[in-house]
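Here is a friendly note for anyone opening this structure for the first time. Please keep the sequence and the 3D view at hand while you read.

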Amino acid sequence: MNVKVVDTTLRDGQQSLLATRMTTEEIMEVAPILDEVGFYSMEVWGGATFDAPLRYLGENPWDRLDAIRKALKNTKIQMLLRGQNLVGYRHYADDVVELFVKTVKKHGMDIVRIFDALNDVRNMKKSIEVAKGEGMHVQIALSYTVSPVHTVDYYVSLAKDVRKLGADSIAIKDMAGILLPKRGIQLAEAIKDATGLPVELHTHSTGGVGPTLIYEAIVSHSVDIVDTGISPLAMGTAQPSIQTLYYMLKDADIDLDINIDVVHEASKIIKNIVQRHNPPAKVYMMDPMVLKHQVPGGMLSNLIAQLKAMNAEDRLEEVLEEVPRVRKDLGYPPLVTPMSQIVGTQAVLNVIKGERYAMVTKELKNYIKGLYGKPPAPIDSELVEKVLGDEKQIDVRPADLLEPELPKARRLGAPYIESDEDLLIVALFPEQGLEYLKKRAMKKYGVDEELVVYDDDVAVYPVP
């Protein structure tokens with residue numbers, strides 16, 4: 001069988017099911033074994049695996065990447081990059097994007113999967129350009145959703161656009177687990193026919209159809225690459241299980257080119273790791289209602305948390321009914337980071353306040369203004385007028401409005417910045433990054449005071 005298998009266990013698997021809390025030490029328990037499975041590639045970095053180690057584990061994400069690269073001697077590694085958002089939740093200036101992508105290559109990245117929450121090609125252009133210049137395989141992920149404007153023709157046109165920018169392959173990114181088999185096969189075949197590029201299928205098992213979708217796509221020869229995870233960091237809100245898929249295909253006389261015995265060995269180790277974290281059972285549950293409301297698992301958890309903080313958990317159903325209405329008003333943005341947070345929070349406010357858009361978030365206003373990119377469809381004109389008043393929407397690439405950010409980050413991080421990696425930590429997450437670097441410096445030099453030293457605007461460490 002020529003289909004290639006990408007393992008997502010160490011990135012999307014643990015992000016979806018363990019809130020990205022696996023430590024580097026835990027990853028190293030299983031990474032060398034995963035290297036012997038025979039995966040085409042492993043998605044090991046990007047998404048929330050940059051800020052979560054900084055924010056919650058006190059770990060350096062660059063050190064984690066180096067450890068994984070060293071452990072995976074036989075397998076390609078790849079990352080998820082949020083276009084101009086990189087691994088953050090806002091647009092960064094081009095100088096940050098350029099340094100980040102070049103630094104990723106320096107640490108041994110083979111494949112960069114780039115997407116934009118709105119499928120706005122302008123927001124992917126810079127990272128594509130730099131990644132191509134660094135010689136990495138560039139895969140463009142098209143954020144899948146269901147709406148009157150998200151037709152097969154829409155995605156085919158989008159695929160043609162990213163092919164012109166230099167995409168080496170295309171992924172269908174079904175983050176909510178709502179892509180059905182017939183539609184998935186139709187979409188994959190149309191993209192392949194239109195572009196001639198390899199097509200990868202990325203889905204989640206949230207709605208329960210993930211394993212069947214991948215099975216049908218493989219049997220019909222519609223896709224070239226599929227994403228799976230190793231149970232117990234698979235299924236539920238994560239990717240379909242490679243174990244399940246392997247035996248489904250075996251029953252159809254189709255053999256995947258992987259070592260299933262090694263998979264089972266890795267699964268035992270992963271089970272022990274998962275038990276230490278004691279994740280809530282609900283993250284492993286499938287919810288067919290997602291096929292109706294399209295709210296991804298992570299977004300649903302956030303909605304519940306927001307309502308709980310307001311003592312309004314009993315109003316969840318109202319919020320789930322409001323989400324599609326807000327999404328329609330906003331031009332049908334796909335519910336993926338950061339749009340899932342923006343739409344979800346506004347839906348909560350609309351329900352709790354008892355009046356739609358009586359209060360709007362700063363993020364929603366910025367979205368309506370165009371600072372996140374171009375919506376798939378026009379935003380409701382009355383909502384635009386209500387939120388913006390006399391302010392005008394922008395029609396340029398949002399990052400064109402940003403001044404270079406690295407000089408400011410370098411000043412902010414003095415005297416704790418020792419490398420480009422440190423500089424990027426501060427540029428991407430100033431508060432958490434600076435706190436991490438300060439603690440590292442104090443431990444290194446045995447001091448308990450914050451020291452600031454400048455040398456021609458370049459941060460240097462003080463002599464102890």
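1. First, the ground rules. This is a predicted model, in which local features need pLDDT of at least 70 and side-chain atom pairs count only at pLDDT 80 or more, while totals for chains, interfaces and linings use all residues. Residues are numbered from 1 along each chain as its sequence is written, and side-chain values use heavy atoms, leaving out hydrogens and water.

2. The protein contains 20 helices and ten strands, taken as DSSP runs (helices H or I, at least four residues; strands E, at least two) and numbered from the N terminus. Its C-alpha atoms fill a box of roughly 65 × 55 × 50 Å along the principal axes.

3. Of the 464 residues, 58% are buried, meaning under 20% relative accessible area with a 1.4 Å probe, protein chains only. Among contacts (heavy atoms within 4.5 Å) between residues at least 6 apart in sequence, 76% join residues at least 24 apart.

4. The largest nonpolar core has 110 residues, and W45, F50 and F100 touch the most other members. Such a core is a set of buried Ala, Val, Leu, Ile, Met, Phe, Trp, Tyr and Cys residues joined through side-chain atoms within 4.5 Å. Helix α11 (residues 260-277) gives the largest share of this core, eight residues.

5. A second, separate core has 37 residues, including V295, A312, I342 and V351.

6. Back at W45: leaving aside neighbours within four places in sequence, its contacts include R11, F50, W62 and F100.

Methods:
Buried < 20%, exposed > 50% of the residue type's maximum accessible area, 1.4 Å probe, protein only.
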